[in-house]
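This report describes the architecture of a single protein chain. Please keep the sequence and the structure in view while reading.

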Amino acid sequence: MNTLLHRTISVLIVASAVFAVAASDAAPPVAAGKPPAAAHAAHATQVVHVHKDANCGCCNGWIAHMRAAGFTVVAHDSTDMAAVKQRLGIPLSQASCHTAEVGGYVLEGHVPAADVQRLLREKPAARGLVLPGMPIGSPGMESADGRREAFTVDLLGKDGSLRPYARHP
């Protein structure tokens, strides 16, 4: 009887520890200086699904940037990113290393979280935002020496048209 009680307690302790670790890994980080409710209130229902190559480090940098901004991010490793981009209507000329989906919009490349927040707030009639290539200094493409390239995030219209949405010096 005493052995059964010890086993039960041991199982409960291990289960509690596993649950605590899983819960802490699932929770996105809290933005500095904001209480948890305020940091995530605007994006609590917005899950960003990121399609990326399993070996891409800069994609993981962008994911960390989005999480730090309060988004919940789910990464999906893909062996055929061309098919993902084609399915989501990303023009070849606008391609970058990863493609994401959030709130009915598509995001291509290293789009800053502030631009995504604006997109979700304004809700334009568009397919989403694109930042072709991998500009140095964009989220996930930070340079060790602090160098930054100027870049423009474009709004991708439902008809495939592009127009400037945000400029970053």
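## Overall architecture

Of the 169 residues in the chain, 38% count as buried. The model is predicted. The chain exposes about 9,400 Å², and carbon and sulfur atoms supply 61% of that area.

Five helices and seven strands make up the secondary structure of the chain. Along the sequence, these elements follow the pattern α-α-β-α-β-α-β-β-α-β-β-β. Among contacts in the chain with a separation of 6 or more, 53% are between residues 24 or more positions apart.

## Helix α3

Helix α3 covers residues 57–68, which is twelve residues. At 1.5 Å a residue, the helix should span 16 Å, and its end C-alpha atoms are 17 Å apart, which agrees. After α3 comes G70, whose phi is positive, near 100°.

Which residues of α3 are buried? They are C58, C59, W62, I63 and M66. These residues lie on the same side of α3, because they cover an arc of only 150° around the axis.

What covers the buried residues of α3? The cover includes the strands β1 (47–52), β2 (72–77), β3 (99–102) and β4 (105–108), together with helix α5 (113–122).

## Cysteines without disulfides

A disulfide is a covalent bond between the sulfur atoms of two cysteines. In this model the count of disulfides is zero, the cut-off being a pair of cysteine sulfur atoms within 2.5 Å.

C58, one of the buried residues of α3, has a relative accessible area of 12%.

## A buried serine in a loop

S138 is found in the loop between β5 (128–130) and β6 (151–156). Is S138 buried or exposed? S138 is buried, because its relative accessible area is 0%, and the cut-off for a buried residue is under 20%.

Leaving aside residues up to four places away in sequence, S138 touches H110, L131 and F151.

Conventions: Residues numbered from 1 in each chain as written. Predicted model: local features only at pLDDT ≥ 70, side-chain atom pairs only at ≥ 80, totals over all residues. Heavy atoms only, no water. Helix = DSSP H or I, 4+ residues; strand = E, 2+ residues; numbered from the N terminus. Buried < 20%, exposed > 50% of the residue type's maximum accessible area, 1.4 Å probe, protein only. Contact = heavy atoms within 4.5 Å. Areas by Shrake-Rupley, 256 points an atom, 1.4 Å probe, with all protein chains shown as cover. Expected span 1.5 Å × (residues − 1). Arc of directions from axis to C-beta.
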